[in-house]
Amino acid sequence: MSNLLTSVAFLVVVGFLAWLGWGLEPHWSSRDGTRFMCRMQLHPHDVNERTRWTDVKVSVQEGELLVYARSRRSRSHRGVWRVVGANDDPQRRRRIYELRSTNDDGASLRVPTSSRCVPMLNALVP
């Protein structure tokens, strides 16, 4: 009987940790807010295409965002982007920035509202 209880308790703990892990987003920001890691999603060219949020590294230099890939999946996100707008998601406490690349591709950048990079990104919104 005690073996059954410990097995059930173990599965409950593992399930809780999995649920907690899926709810958290990877994010890091430097003290000055000019370098950070967050999630980015490219806007699809086809209406039926679904794109995923991927992890990227971002550096703010001279009013532009330099995006570096963190994985093979986010290679297409690399490049120079400029901020063209911003929206709030108060329910999830996130700020979503709309971006345009030099070849006019669109993307969204998602950061927590409490991040140190938010004032830096807000300054780039026209």
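Modeller: Start with a cut-off: a residue counts as exposed when its relative accessible area is over 50%, as buried when under 20%, and as partly exposed in between. Keep in mind that this is a predicted model.

Now take Trp19. Its relative accessibility is 59%, so Trp19 counts as exposed. Phe16 has 47% relative accessibility, so Phe16 is partly exposed. Both residues sit in helix α1, three residues apart, or about one turn of the helix. The structure holds one aromatic pair. That pair is Phe16 with Trp19: the ring centres are 5.9 Å apart and the planes are at 35 degrees, so the pair is tilted. The cut-offs show why: planes under 30 degrees apart count as stacked and those over 60 as edge-to-face, so the rest are tilted.

Next, widen the view. Phe16 and Trp19 belong to a nonpolar patch on the surface, together with Val13, Leu17, Leu20 and Leu24. The accessible area of these residues together is about 650 Å². Leu17, too, is found in helix α1, which covers residues 2-23.

Another tryptophan has a charged partner. Arg110 lies over the face of Trp53, at 4.1 Å from the ring centre.

Turn to the salt bridges. Side chains of opposite charge can pair when their charged atoms come close. The structure holds two such bridges. Asp55 pairs with Arg39, and the closest N and O atoms are 2.7 Å apart. Asp55 is in strand β3 (residues 54-61) and Arg39 in strand β2 (residues 35-42), so this bridge ties together parts 16 residues apart in sequence. Asp55 is partly exposed, at 23% relative accessible area. Arg39 is partly exposed as well, at 22%.

Arg95 and Asp88 form a salt bridge too, at 2.8 Å from N to O. Here the partners fall on opposite sides of the cut-offs. Arg95 is buried, with a relative accessible area of 17%, whereas Asp88 is exposed, at 52%.

Finish with Ser29, in strand β1 (residues 28-29). Its relative accessibility is 5%, so Ser29 counts as buried. Leaving aside residues up to four places away in sequence, Ser29 touches Arg35, Phe36, Ser115, Arg116 and Cys117. Val58 is 29 residues from Ser29 along the chain, and their C-alpha atoms are separated by 9.4 Å.

Technical notes:
Residues are numbered from 1 along each chain as its sequence is written. This is a predicted model: local features need pLDDT of at least 70, side-chain atom pairs count only at pLDDT 80 or more; totals for chains, interfaces and linings use all residues. Side-chain values use heavy atoms; hydrogens and water are left out. Patches are made of residues with over 30% relative accessible area and no salt bridge: like charges are joined within 9 Å, nonpolar side chains (Val, Leu, Ile, Met, Phe, Trp, Tyr) within 5 Å. Accessible areas come from the Shrake-Rupley method with a 1.4 Å probe; for residues, only the protein chains shown count as cover. A salt bridge is a side-chain nitrogen of Lys or Arg within 4 Å of a carboxyl oxygen of Asp or Glu. Helices (H or I, at least four residues) and strands (E, at least two) are DSSP runs, numbered from the N terminus. Rings of Phe, Tyr and Trp (its six-membered ring) pair if their centres lie within 6.5 Å; planes under 30 degrees apart count as stacked, over 60 as edge-to-face and the rest as tilted. Buried means under 20% relative accessible area, exposed over 50%, partly exposed in between (1.4 Å probe, protein chains only). A charge sits over a ring if NZ of Lys or CZ of Arg is within 6 Å of the ring centre and within 35 degrees of the ring normal. Contact means heavy atoms within 4.5 Å.
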